[in-house]
Amino acid sequence: MSIRRRVILITDGDEYAKRAVECVAKEVGGRCISMSQGNPSQLTGAELVELIKKAANDPVLVMFDDSGLVGEGAGERALKYVATHKDIEVLGVIAVAAKTHQAEWTRIDVSIDRDGELTPYGVDKHGIPELEIGRLNGDTVYCLDELDIPLIVGIGDVGKMARRDHYERGAPITKKAVELILERSGFRDERERNRLADS
């Protein structure tokens, strides 16, 4: 029986996102699939699953990007494949805001604004809270409502937000979103129990 890999999906894949996600993965003791970077996504879902399985340890952070394409693009096809694969357990999704108003949106459970505060409102790409509760506009979020995701956290543009999430600062907004998912999923408690059992 194969062990299911624990994964966090991130709906952004440009160079800023890659640097921020790599930084956060290192901070939380996980792995980032750097090859998932692309604007739009270049790798298929099947290729990503193989890379996830080879990652040294969990949580595995994976990026997906449709580069503003309306409807289901390559990033979303790959995301759906990974999220529904029998060997993958999705701990949560970081849904990234974009300026595609009236195009694509998803429900979210909570957002983290550019100041690192939790809010029930969606945020825009700058990390500023919007007017609607539980809803975020983005360009690779079209399919999230179809999937069984335990926690969807909305944030602004990964690695940006007026430099407040810059990787040189440790990408604090992205890190907080990842830590929230690890906490709510029970992953962090489980890892601590395993560490104590091994010591």
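The sulfur of C32 lies 10 Å from the closest cysteine sulfur, that of C23, and is therefore too far away for a bond; a disulfide is a pair of cysteine sulfur atoms within 2.5 Å. The structure accordingly holds zero disulfides, and C23 is in none. C32 counts as buried because its relative accessibility is 16%, and C23 counts as buried at 18%. Buried means under 20% relative accessible area, exposed over 50% and partly exposed in between, with a 1.4 Å probe and protein chains only.

This is a predicted model, in which local features need pLDDT of at least 70 and side-chain atom pairs count only at pLDDT 80 or more, while totals for chains, interfaces and linings use all residues. Residues are numbered from 1 along each chain as its sequence is written, and side-chain values use heavy atoms, without hydrogens and water.

Helix α4 comprises 14 residues, 172–185; helices are DSSP runs of H or I with at least four residues, numbered from the N terminus. From first to last C-alpha α4 reaches 20 Å, close to the 20 Å expected at 1.5 Å a residue, where the expected span is 1.5 Å times one less than the number of residues. Its buried residues are I173, T174, A177, V178, L180, I181 and L182. An α-helix has 3.6 residues a turn, so residues three or four places apart point the same way. After α4 comes G186, with a positive phi near 85 degrees.

Definitions and conventions
Helix = DSSP H or I, 4+ residues; strand = E, 2+ residues; numbered from the N terminus.
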